[in-house]
Amino acid sequence: MKSLKKVMIPITASAVLLSACGNHATDSKENVLISSKAGDVKVEDVMKKIGKEQIANSSFEILLGKLLEKKYADKVDDKEIDKQIKDEQKQYGGKDQFESALKQQGMTLKDYKEQKKLQAYQKQMLMDKVKVSDKELKEDTKKASHILIKVKSDDKDKEGLSDKEAKAKAEKIQKEVKKNPDKFGEIAKKESMDEASAKKDGSLDYVIKGQMVKPFDKALFKLKDGEISDVVKSDYGYHIIKADQPTDFSSEKDKLKSQIIQNKVQKDPKILVEAYKDLLKEFNVDFKDRDIKKAVEDSILNPDKLKQQSQGGEGMQTP
């Protein structure tokens, strides 16, 4: 999911800085971390070296973890998180490969689990803050399958077809599935050039409105459950889209709500900022250091800055 800037300094560094900014501290410039005959090392020196924004992000991440755990620990199942991690380990080919991948990112398995827990807490926070009705959920989600015939991106592309060939093939397949809608999955498995969905009979599972490229999105959300589209062209090629029957909608509701909330936050970071502010107010958070406070306000509690980070590929930390 798509996050406050990935913290690039060790937690211990921010912990030292936070401890230096004790109850009587008013300005980091006055706080001495190390003294010597050759000169003192002040918080100001460290902040210049590391960067106020990174320190603020790390400090806020520690604080946020404490606040969210206090409020939502009883709503997050540790066993479920362990199960998710085991599933991810299998996808990586085993525990050793998974831990090796984490190590390359400077993380341990314990760090990763804590990060997963923090994401689960944030999910609960946002579900408390943003209400999604069943009506909105049904209007903004569709269970879908598709068959894709790719168009070559260039002459070196050996996988796709020419535009003319791809369109002709898609039109032929579209007529076939219109005549035999019950065979859509079988035909998708055989003909679709989207390998991932082809393995699942063309299934894309549930799609959130706005999640797909515009031509696909527009065509899908015009369909009634069970209907098959005309041939739809996108940047990827030509699609035949089917709106599947949402037979498992009830069991998927919570997951879909979470995805819709994530989309809302991506579009309007103010939602996340207001949720953070409410949390800080609820727990009477008092920033003892004015530099840390200003850096948090200027970056993490600034919707415009969060949006810039999101557009820049860093994203916002939402579940």
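Glu-227 is found in the loop between α11 (214–220) and β5 (232–234), where helices (H or I, at least four residues) and strands (E, at least two) are DSSP runs numbered from the N terminus. The structure is a predicted model, in which local features need pLDDT of at least 70 and side-chain atom pairs count only at pLDDT 80 or more, while totals for chains, interfaces and linings use all residues. Residues are numbered from 1 along each chain as its sequence is written, and side-chain values use heavy atoms, with hydrogens and water left out.

With a relative accessible area of 34%, Glu-227 is partly exposed; buried denotes under 20% relative accessible area, exposed over 50%, and partly exposed the range in between (1.4 Å probe, protein chains only). Apart from neighbours within four places in sequence, Glu-227 is in contact with Lys-222, Ile-241, Lys-242 and Ala-243, contact being defined as heavy atoms within 4.5 Å. The C-alpha atoms of Glu-227 and Ile-241 are 8.5 Å apart in space, and the two residues are 14 residues apart in sequence. A polar atom of the Glu-227 side chain also lies 2.9 Å from the backbone nitrogen of Lys-224.

Four strands, in the order β4-β3-β6-β5, form an open sheet with antiparallel pairing; two strands are taken to pair if DSSP finds at least two bridges between them. The edge strands are β4 (203–208) and β5, each of which pairs on one side only. From one strand to the next, the twist averages 45 degrees. Strand β3 (residues 141–150) is joined to the antiparallel strand β6 (residues 237–243) by seven bridges. Along this pairing, Ser-145 stands opposite Lys-242 in β6, and Ile-147 stands opposite Ile-240 in β6. On the other pairing of β6, three bridges join β5 to β6, again in antiparallel fashion, and Lys-233 stands opposite Tyr-238. A hairpin through two residues connects β5 to β6. Strand β6 is mostly covered, with seven of its seven residues buried.

Helix α8 (residues 163–179) lies across β3, β5 and β6 and runs at about 20 degrees to β6. Helix α12 lies across β3 and β4, running at about 55 degrees to β4. For these angles, axes are lines fitted to C-alpha atoms, for helices over the stretch in contact, and angles run from 0 to 180 degrees between N-to-C directions.

Helix α6 (residues 109–129) comprises 21 residues and reaches 30 Å from its first C-alpha to its last, close to the 30 Å expected at 1.5 Å a residue; the expected span is 1.5 Å times one less than the number of residues. The buried residues of α6 include Tyr-112, Leu-118, Tyr-121, Met-125 and Leu-126. Their cover includes α3 (52–72), α4 (78–91), α5 (95–104), α12 (249–267) and α13 (270–282). Within helix α4 is found Gln-89, which counts as buried at 11% relative accessibility. Neighbours within four places in sequence aside, Gln-89 is in contact with Gly-94, Lys-95, Phe-98 and Leu-109.

The mean pLDDT of the protein is 85, and 87% of its residues reach 70 or more, pLDDT being the predictor's confidence in each residue, from 0 to 100. Over residues 1–26 the pLDDT is below 50, and this stretch has 62 contacts in the model beyond near neighbours in sequence. Residues 313–319 likewise stay under 50, with 37 contacts beyond four places in sequence. Where pLDDT is low, the predicted coordinates should not be read in detail.

Key:
Polar contact = N/O pair within 3.5 Å; in protein donor to acceptor, adjacent residues only side chain to side chain.
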